[in-house]
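Subject: Structure handover

Hi,

Here is the structure I promised to pass on to you. Have a look at it first, and then read my notes below.

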Amino acid sequence: MKIKNTLALLLPVLSLVACANYTPRLKPDEKLTETDSFIYGSFQIKTEKMLVSADGHVSMGLNLTCQDGSKYLLRFYRENPVHVIKIKPSTCDIDEIVYTDADGNVRDVRSFRNPIRNLVFKPGKAYYVGDFFATAQVDIGRKTNTTQWSMSNPVDRFAYTTELVHKLYPNTVGIPNVNMGLAK
């Protein structure tokens with residue numbers, strides 16, 4: 001019983017030092033099926049490259065929680081920020097932001113300032129969610145390192161990003177694209 005109670009107390013703490021489980025990008029030559037849905041956009045973070053780290057830079061991700069129980073974490077990248085992820089068709093919310101250090105360890109999880117609710121993803125379609133831009137400033141001190149993250153509202157560059165996705169992921173060319181209209 002003591003072990004069970006101790007684990008219950010440690011799990012929230014352990015989750016903050018766990019590695020982020022970012023949803024992998026679609027591979028450029030990956031075969032696609034009509035039963036999957038796809039989300040795409042640009043997720044760029046402006047931050048310094050960390051030379052002594054496994055992941056290369058601090059980052060963040062948007063958490064997508066779906067009614068079927070699935071979760072997806074859209075990662076922000078310094079370079080090559082345009083990407084596509086495959087998801088199961090469902091109704092989902094963008095409800096949290098996950099912040100990670102340069103080694104990919106979760107440092108903080110916060111509720112999304114303006115949660116985006118009831119996004120319906122149907123099979124056989126690719127959904128553009130917007131172009132997101134963020135910054136992360138790392139201050140290295142004597143005793144502690146602190147990071148300040150910020151994110152601007154997404155912008156709508158549907159035509160530009162869709163064209164880029166078709167160049168980077170040629171197998172997405174025949175899939176109908178839907179602009180989710182999340183950009184303000």
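Predicted model: local features only at pLDDT ≥ 70, side-chain atom pairs only at ≥ 80, totals over all residues.

Two strands pair if DSSP finds at least two bridges between them; helices (H or I, at least four residues) and strands (E, at least two) are DSSP runs, numbered from the N terminus. By that rule S2 and S5 pair, with eight bridges joining them in antiparallel fashion.

Residues are numbered from 1 along each chain as its sequence is written, and side-chain values use heavy atoms, with hydrogens and water left out.

Overall layout

The chain has two helices and nine strands, and from the N terminus on its elements run α-β-β-β-β-β-β-β-β-α-β. Buried residues (under 20% relative accessible area; exposed is over 50%, partly exposed in between, with a 1.4 Å probe and protein chains only) make up 41% of the 184 residues. Among contacts (heavy atoms within 4.5 Å) with a separation of 6 or more, 71% are between residues 24 or more positions apart.

The sheet and the disulfide

S2 and S5 belong to an open sheet of four strands, in the order S3-S2-S5-S6, with antiparallel pairing. Its edge strands are S3 (71–75) and S6 (106–121), each of which pairs on one side only. From one strand to the next, the twist averages 25° (axes are lines fitted to C-alpha atoms, for helices over the stretch in contact, and angles run from 0 to 180 degrees between N-to-C directions).

How many disulfides does a search of the whole structure find? There is one, counting a pair of cysteine sulfur atoms within 2.5 Å. It joins Cys66 to Cys92, with S to S at 2.0 Å. Cys66 sits in S2 (residues 59–66) and Cys92 in S5 (residues 90–100), so the pair links distant parts of the chain, 26 residues apart. The torsion about the S-S bond of Cys66 and Cys92 is about 95°, which makes the disulfide right-handed. Cys66 is buried at 6% relative accessible area, and Cys92 is buried at 0%.

The cores

A nonpolar core here is a set of buried Ala, Val, Leu, Ile, Met, Phe, Trp, Tyr and Cys residues joined through side-chain atoms within 4.5 Å. The largest has 31 residues, and those touching the most other members are Met60, Leu62, Phe76, Ile94, Phe121 and Met151. S1, S2, S3, S4, S5, S6 and S7 each supply at least two of its residues, with the largest share, six residues, coming from S7. Apart from this core lies another, of 10 residues, among them Leu26, Tyr40, Val82 and Tyr169. Beyond its neighbours within four places in sequence, Leu62 is in contact with residues including Phe43, Tyr72, Ile94, Phe132 and Met151.

Helix H2

In H2 (residues 158–168), the buried residues are Thr161, Thr162 and Val165. They lie on the same side of H2 because they cover an arc of only 100° around the axis, taken from the directions from the helix axis to the C-beta atoms. On the other side of H2, Ala159 and Lys167 are exposed. The cover over the buried residues of H2 includes S1 (37–46), S4 (82–87), S7 (126–140) and S9 (177–179). Thr161 counts as buried because its relative accessibility is 0%; its contacts, not counting residues up to four places away in sequence, are Tyr40, Gly41, Ser42, Val82, Tyr128 and Asp131.

Enjoy exploring!

Best wishes
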